[in-house]
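Here is a quick briefing for anyone meeting this structure for the first time. Take a look at the sequence and the model, then read on.

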Amino acid sequence: MKIPFNKPYLTGGEMEYILDAVRGGKISGNGIYTEKCHDFFCSKYGFPKTLLTTSCTDALEMCSLLLNISHGDEVIVPAFTFVSSANAFVLRGANIKFADSYPDNPNINPAEIERLISDNTRAIVVVHYAGVACDMDAILEISKKYNIPVIEDAAQAINSFYKGTPLGSLGALSTFSFHETKNIISGEGGMLVVNDSTLSSRAEIIWEKGTNRTAMKRGDVDKYGWVDVGSSFLPSEIIAAFLLAQLENLEDIQARRIEIWNQYNSAFKDLKQSGNVRLPEVPDYATNNGHLFYLVCENENVRNRLIVHLKNKGILAVFHYLSLNQSPYYLNHFEKEELKNSESFERNLIRLPLFYELSQKDQNLIIDETHAFFD
Ligand SMILES: *Cc1c(COP(=O)(O)O)cnc(C)c1O
């Protein structure tokens, strides 16, 4: 492939920090680099409590443990998302109730949440698809009305905002991903944000294998032991060192990604006008963080032919997601429910290459070849 779909970007500082961490003689988790990453997020976005994890998947599993999700509980999750948004709760025995997207925006439709609420609902998961905020006022109102906590799966939503408030600070709990396909990366990596202060000390315990080691480290207790359930959710200092170098270049990374996004968006205005494709919607209350750029084609056949056309020109474009209500696992365990909008995004959406080092020349080629296809 001449133009890959994604290419992990190294800012240049990663190796230096990793060497420093290694030479410092402490490379297990919760050390200096982890603290520096926590401080970065708390000071930049005002998050009250952050815990680096080895993935967003792990952070979601921590949410499930923190909310004591157990057999028979129901969790509302959008169908148009990555597996982990649902799987983390299934692991604890929850029944997943899948919510549909809007017709013109892949995000969860709040009306769907209300439709699915029952006496057994224990959590509402929302996903800011492409880093574009969900309608959080409407969602938080439902959360308050029924007293059900909201978890923001903000895996794609770093440095994005809802009415000026950073995504990740609105739910009781929020999760981020630093997987190599995201804007800020550490190979595998993630983070839990604890906004509900009543959950923060238990979050530390679950994070450190069910022990109160973090409290001891802080000097709150003089020895540590097994006090609750937990697992090993914390990343090593090697990963945190890598991540810190990325975070220090966040503004630069964001600026370039948004520039690429904007160029795609204006280049395809004509295809939108001619009715060939729909472009991403960014509502007034949301920002665009340049995480991903997609086109929505008229139908699956056109979408698939566009993927093949681009592939023949050496450009890797991909589809995204397979709507979870139609996944083999779900169909084997739960009753099938039709979710028209999510299924339509599954069929018609195509993601174009978007990464920091995508050259202007390559982006022009992608734009030209997409136009050539529709001509
Ligand atoms: C990437 C992603 C995840 C999984 O993140 P990992 O860090 O790979 O576990 C979960 N949810 C959404 C919406 C994602 O985009």
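## First look

Lys209 counts as partly exposed, at 44% relative accessibility; partly exposed covers the range between buried, under 20% relative accessible area, and exposed, over 50% (1.4 Å probe, protein chains only). This is a predicted model, so local features need pLDDT of at least 70 and side-chain atom pairs count only at pLDDT 80 or more, while totals for chains, interfaces and linings use all residues. Residues are numbered from 1 along each chain as its sequence is written, and side-chain values use heavy atoms, with hydrogens and water left out.

**Two residues with positive phi**

- Back to Lys209: its phi is near 60 degrees, a positive value in a residue other than glycine.
- You'll find Lys209 in the loop between α7 (200-207) and α8 (213-218); helices (H or I, at least four residues) and strands (E, at least two) are DSSP runs, numbered from the N terminus.
- Asn147 also isn't a glycine, yet it has a positive phi of about 55 degrees.
- Look for Asn147 in the loop between α6 (136-146) and β5 (150-153).
- Asn147 is exposed, because its relative accessible area is 69%.

**Around the ligand**

- The ligand has 15 residues around it, and Cys56, Thr57, Asp153, Ser177 and Lys182 are the closest; a residue makes the list if one of its heavy atoms lies within 4 Å of the ligand.
- Sorted by type, the shell around the ligand holds five nonpolar, eight polar and two charged residues. Here Ala, Val, Leu, Ile, Met, Phe, Trp, Tyr, Cys and Pro count as nonpolar, Asp, Glu, Lys and Arg as charged, and the others, Gly among them, as polar.
- In the side chain of Asp153, an N or O atom sits 2.8 Å from a nitrogen atom of the ligand. That is a polar contact, meaning a pair of N or O atoms within 3.5 Å; within protein, one must be able to donate a hydrogen and the other to accept it, and residues adjacent in sequence count only if both atoms are side-chain atoms.
- Lys182 places a polar side-chain atom 3.2 Å from an oxygen atom of the ligand.
- Gly189 takes part through its backbone, where a polar atom is 3.5 Å from an oxygen atom of the ligand.
- On its own the ligand has 390 Å² of accessible area, and the protein covers 93% of that; such areas come from the Shrake-Rupley method with a 1.4 Å probe, and for residues only the protein chains shown count as cover.

- Ser101 is in the loop between β3 (95-99) and α5 (110-116).
- Is Ser101 buried or exposed? Ser101 counts as buried because its relative accessibility is 3%.
- From there, the Ser101 side chain reaches the backbone oxygen of Pro106 at 2.8 Å.
- Thr81 belongs to the loop between β2 (74-78) and α4 (84-90), and its 3% relative accessibility makes it buried.
- The side chains of Thr81 and Ser85 are joined by a polar contact of 2.7 Å.

**Pairs separated along the chain**

- Leu358, in the loop between β12 (349-352) and α15 (360-374), is buried at 1% relative accessibility.
- Between Leu358 and Ile3 there are 8.3 Å in space, C-alpha to C-alpha, though they are 355 residues apart in sequence.
- His320 is in the loop between α12 (300-312) and α13 (328-333) and is buried, with a relative accessible area of 10%.
- Asn87 is part of helix α4 and counts as partly exposed at 33% relative accessibility.
- Asn87 and Ala241 are 154 residues apart along the chain, and their C-alpha atoms are separated by 29 Å.
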